Amino acid sequence: MATVSQLIFHPRRKLRVIAQGREVRAFVRDPHSEKAQALRAAGITLAVGNLFDRASIEHAMEGIKGVFSVQTSSPRGEISDEQEIIQGKAIADSALATGVSHLVYSSSGAAGKGLTGMGHFDSKSEIENYVRSLPLPWTITRPASFMEMLMLPGMGLNTGNFSFFMQRNQPMQMITLDDLGRINARILCHPQQFAGKVLEISSQTLTGEDLERAFSNAAGFPVHYQRFPDALLTQNSFLRRLTELVDNGIVAGVADIPALEKVFGEMMKLEQWLTGPGKHLFNAALNAPQTEITLR
């Protein structure tokens with residue numbers, strides 16, 4: 001298989017491009033960090049720079065054919081929505097300037113469906129529009145909510161009463177980071193098949209009752225599911241708006257999962273994830289000290 005250089009702007013994403021015979025270069029701020037050293041040990045070349053420094057971005061892209069781009073989102077508290085847009089556009093501009101042959105932008109399942117009133121979704125829509133305006137082969141992936149989010153502190157697994165956004169019988173699509181990484185890797189390594197496409201991506205459609213059943217089976221004792229209490233939604237505008245976006249379908253997910261599986265293979269279901277890649281996260285959430293919810 002021919003070797004193709006790929007530049008990953010979010011090396012923590014599990015892009016399985018090395019296994020497909022590709023050389024990978026990861027863009028990092030600190031080459032001496034534990035995570036950067038783990039990447040180096042895995043055979044990934046490090047390119048050091050800053051996403052606010054166009055020169056370092058373009059230097060990292062020298063000799064690169066495919067670029068995977070995803071930015072830190074504002075709810076993590078590291079950058080603002082405006083800064084995320086600046087970074088996303090800078091990567092796209094640099095890809096065009098350096099002659100990159102394919103840009104894969106990882107967006108959000110809430111993007112491209114009109115303004116949401118939530119900056120960390122609307123920022124991705126703006127970056128999408130900008131990427132699509134450039135004379136550059138691109139692919140945009142829109143992942144559904146991550147199953148890993150279910151394990152965040154404060155959701156209630158450690159109390160036996162789990163709370164999330166949907167009603168007990170209300171469907172919401174989700175995806176594992178493993179599946180997302182696998183899909184993005186396939187897209188990055190096969191640009192001729194996916195260039196110019198926007199892909200809605202999900203592993204499984206789940207209801208609150210499905211979560212209750214899967215968590216109870218994995219825990220070995222009953223775990224009750226409920227939607228976030230009205231009192232919490234009243235006082236927390238961030239959670240309230242996200243819940244509204246689940247109800248109106250924007251965050252609920254619209255992926256055609258059977259069609260995705262025909263192209264990318266079988267997706268991981270929640271039950272598999274809880275006993276496999278997500279087992280350590282699930283056990284940690286079950287045994288975590290009681291705390292307030294950390295979503296904001």
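Does Ile44 count as buried or exposed, and what is the relative accessibility behind that label? Before I answer, please keep in mind that this is a predicted model, in which local features need pLDDT of at least 70, side-chain atom pairs count only at pLDDT 80 or more, and totals for chains, interfaces and linings use all residues. Residues are numbered from 1 along each chain as its sequence is written, and side-chain values use heavy atoms, with hydrogens and water left out.

Ile44 has a relative accessibility of 13% and therefore counts as buried, where buried means under 20% relative accessible area, exposed means over 50%, and partly exposed lies in between, with a 1.4 Å probe and protein chains only. You will find Ile44 in the loop that links α1 (34–41) to β3 (45–48), and although Ala26 is 18 residues away from Ile44 in sequence, their C-alpha atoms are 6.7 Å apart in space.

Turning to the whole protein, we can count 12 helices and 12 strands, which are DSSP runs numbered from the N terminus, with helices being H or I of at least four residues and strands being E of at least two. The radius of gyration is 19 Å, close to the 19 Å that the globule rule gives for 296 residues, so the protein is as compact as a globular protein of that length; the radius is taken over C-alpha atoms, and the rule is 2.2 Å times the number of residues to the power 0.38. Along the principal axes, the C-alpha atoms fill a box of roughly 55 × 40 × 35 Å. Finally, 53% of the 296 residues count as buried.
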